[in-house]
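Hello,

Here is the structure I promised to pass on to you. Please have a look at it first, and then read my notes below.

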Amino acid sequence: MILPNALLLVTIMSLVWFLKGDLLGYRRIKRLSDTASREKTYRLWIAKAAIGFVLPAVIGLALLGRLDALVTVPPEFDALRTLLPSFEGYSRVELLGMIGGSALGGLIIGAVLATRRNWRILKTIGNVGSLLPRNRQEIAHAAAMSIAAGVSEELAFRLFLPLLVALVSGSAFVAFGVAVAAFGAMHLYQGRAGVIATTLVGALMAAVYLMTGELWLAMVLHALIDLNSLVLRPMLTGAWRAA
């Protein structure tokens, strides 16, 4: 149990480091007006996600001899999984069809709403206005950041952190409770509404992962949610036309 405890401590320190940087980074981007500086901040966020989320998870899983958890749901989660519906019988084609259909439906609904005068319904929940891209160059960086967030955050908060907490506490319920709460807390820069919204999204992504047994599916859905907020909506409201 020494190794899981040590890894959990390192992971908590890494999350705190990332959160402090997140808060500082958001305050910084609010003051930036030039595209080059904003693009640099987007790239910094991507790099920090790799250092704070991906690197500890991959190294930690390797040290635990649990790299198989990347493709197979850890048995430590079984007590919670038995309480949820199971969709593991779905083929990959069916899963991809479900994702594609949801994404297409979101695009169509967003496009329709954006053409109406009451397009303000498309406003995002939480204090993220300063993070939204303002032109084509920033949109490209925001898209990369959305995809990076989908991969890195799901790896950290749906697999590695709950696995460590489950190993230490012996409870899958405690593990995912802690992980979902931590995921919400990582979005403090978005304000109270943003923390509540992201906590709910974290719970949804955890359910998707546990019900399907597919971490990649949670990653894709997470990335689509971020792409909707940080790319699609700004594009539909004029950012794509700005040079």
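Predicted model: local features only at pLDDT ≥ 70, side-chain atom pairs only at ≥ 80, totals over all residues.

**What I found**

Ala181 is partly exposed, with a relative accessible area of 47%. The bands used here are under 20% relative accessible area for buried, over 50% for exposed and partly exposed in between, with a 1.4 Å probe and protein chains only. Ala181 belongs to helix 6 (residues 172–185).

Residues are numbered from 1 along each chain as its sequence is written, and side-chain values use heavy atoms, with hydrogens and water left out.

**Overall build**

The protein has eight helices and zero strands, so helices and strands need a definition: they are DSSP runs, H or I with at least four residues for helices and E with at least two for strands, numbered from the N terminus. Read from the N terminus on, the order is α-α-α-α-α-α-α-α. Of the 243 residues in the protein, 44% are buried.

**Salt bridges**

How many salt bridges does the structure hold? There are four, where a salt bridge is a side-chain nitrogen of Lys or Arg within 4 Å of a carboxyl oxygen of Asp or Glu.

One of them joins the side chains of Arg38 and Glu138, at 3.1 Å from N to O. This pair links distant parts of the chain, with Arg38 in helix 2 and Glu138 in helix 5, 100 residues apart. Both Arg38 and Glu138 are buried; for Glu138 the relative accessibility is 0%.

Glu138 also forms a salt bridge with Arg134, and here the closest N and O atoms are 2.8 Å apart. Arg134 counts as partly exposed, because its relative accessibility is 35%. Through shared partners, the salt bridges join Arg38, Arg134 and Glu138 into one network.

Another salt bridge pairs Glu76 with Arg66, with the closest N and O atoms 2.9 Å apart. Both residues lie in the loop between helix 2 and helix 3 (78–81), so the pair ties together parts that are 10 residues apart in sequence. Glu76 is partly exposed at 26% relative accessibility, whereas Arg66 is buried at 16%.

Leu3, Trp17, Ile51, Leu55, Ile59 and Leu63 make a nonpolar surface patch of about 560 Å². Helix 1 (2–31) and helix 2 (35–64) are the elements that give two or more residues to this patch, and the largest share, four residues, is from helix 2. Patches are made of residues with over 30% relative accessible area and no salt bridge; like charges are joined within 9 Å, and nonpolar side chains (Val, Leu, Ile, Met, Phe, Trp, Tyr) within 5 Å. Areas come from the Shrake-Rupley method with a 1.4 Å probe, and for residues only the protein chains shown count as cover. Trp17 sits in helix 1 and is partly exposed, with a relative accessible area of 39%.

**Cavity and pocket**

On a 1 Å grid over the protein atoms alone, a cavity is a set of points where a 1.4 Å probe fits but cannot get out, while a pocket is an open set with protein on both sides within 12 Å along at least five of seven lines; lining residues have an atom within 4 Å of a point. Grid points are joined across faces, edges and corners, and a volume is the space filled by probe spheres set on the points.

The search of the whole structure finds one cavity of 30 Å³ or more. The largest cavity holds about 50 Å³ of space, and its lining includes Thr11, Phe53 and Phe160. Helix 2 gives the most to that lining, with four residues.

The largest pocket has about 670 Å³ of space. Of its 32 lining residues, His187, Tyr189, Gln190, Thr198 and Asp226 are the closest to its centre. Helix 8 (215–236) provides the largest share of this lining, seven residues.

Best wishes
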